[in-house]
Amino acid sequence: MLLAALGALGNAVGARMQHAAVHDTMDGSGLGLRVQSKLVRNPRWLVGLASLGTGAVLHACALGLAPLSVVQPIGVLALPITVLLNVRQQGTRVRDLSPNVLLAVTAATGGVAAFVFLAAGSATATPVAGDVQLLATQLVAAAVLAVGVLAVLTRSKVRCILFAAGCAIAYGYVSLLMRAVAQQLGTTDLLDINPLPLLGIAVAMVVGGWLLQHGYASGPPDLVVACLTVIDPIVAVGLGIGLLGEADQVSAWTATGQALCAVVACIGVFALARYHPDTQERRVPAPVTGSSDLAGPSSTDRPDGSSS
């Protein structure tokens with residue numbers, strides 16, 4: 001669990017740095033191919049990528065030592081860390097945040113933390129068979145495609161949530177494959193390891209990373225991290241329970257409690273989207289200085305914050 005917690009710290013720092021790099025590079029022009037090509041040469045973005053990579057490695061090590069449904073939800077610690085980093089970046093204090101934001105963060109973090117507590121006493125580690133990997137690939141590919149299409153068709157915070165959700169689904173799938181690889185390392189020679197899970201991890205990381213950058217371009221970093229830290233473990237635990245049978249010994253009461261915790265965590269994410277300071281600022285009407293102001297478009301008309 002300590003490895004998973006350190007991984008969450010790496011994810012939070014990486015998210016904060018990459019979000020800042022994305023918005024500095026966009027400069028109001030949107031996240032097009034030209035901007036994306038500049039990002040890979042941005043030192044802050046690269047350091048953020050290294051931080052995310054370190055967090056992923058630590059998380060993978062944790063997955064090799066404990067059941068998927070126990071390790072994965074610990075990543076929710078990245079949410080309060082990201083909120084603190086965001087507050088510091090903006091030069092404000094935690095007590096300046098509205099009670100609704102604090103309650104939203106508490107609900108998201110507490111919901112997943114309670115989920116971990118319930119899962120830790122009931123989940124059992126199981127092997128990841130090849131047919132399970134194939135079925136998981138098909139389910140995740142369909143889900144990511146559907147969420148990605150919806151994200152393109154929406155705007156603002158909803159667009160941010162959907163892009164981050166697509167990334168979270170892909171990353172939850174990565175956790176399943178990482179566990180499969182970790183299990184092979186303990187029982188199989190390096191030359192005999194099945195390369196397909198490694199290929200699946202590479203593809204899912206690229207697709208998830210691309211969706212993640214669009215999530216950064218469409219909303220604040222703590223909202224993106226909230227989606228990742230809530231939806232990612234729900235997907236991973238869903239795969240662990242539904243496909244790996246890690247919860248075959250779980251009682252009906254425990255399963256009901258886990259479901260309620262997941263609902264509370266999701267409510268926390270949507271509440272954060274509604275009451276986030278960025279959202280509240282955009283709802284405050286600008287002073288009317290003339291009739292032309294009433295007809296002119298806002299600088300937030302587009303999801304990335306640029307003018308139409």
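So, which helix is the place of Met17? That's helix H1, residues 2-26. Quick reminder before I go on: this is a predicted model.

Staying with Met17, the side of the story I like is its surroundings. Met17 has 25% relative accessibility, so we call it partly exposed. Leaving out residues up to four places away in sequence, Met17 touches Arg44, Val47 and Gly48. There's also Leu49, 32 residues from Met17 along the chain, and the C-alpha atoms of those two are separated by 8.6 Å.

Okay, next up, a helix pair. H5 covers residues 78-89 and H10 covers residues 221-242, and they pack at an angle of about 175° with their axes 9 Å apart. Anything over 145 degrees counts as roughly antiparallel, so that's what H5 and H10 are to each other. Who's meeting whom? From H5 we've got Ala78, Leu79, Thr82, Val83 and Asn86, and across from them in H10 sit Pro221, Asp222, Val225, Ala226 and Thr229. Sort that contact by class and you get six nonpolar, three polar and one charged residues.

As for burial, Cys167 is at 0% relative accessibility, so it counts as buried. Cys227 also comes out at 0%, so buried again.

Notes:
Residues numbered from 1 in each chain as written. Predicted model: local features only at pLDDT ≥ 70, side-chain atom pairs only at ≥ 80, totals over all residues. Heavy atoms only, no water. Axes fitted to C-alpha atoms, helices over the stretch in contact; angles between N-to-C directions. Helix = DSSP H or I, 4+ residues; strand = E, 2+ residues; numbered from the N terminus. Parallel < 35°, antiparallel > 145°, perpendicular 65-115°, else oblique. Contact = heavy atoms within 4.5 Å. Nonpolar A, V, L, I, M, F, W, Y, C, P; charged D, E, K, R; others polar. Buried < 20%, exposed > 50% of the residue type's maximum accessible area, 1.4 Å probe, protein only.
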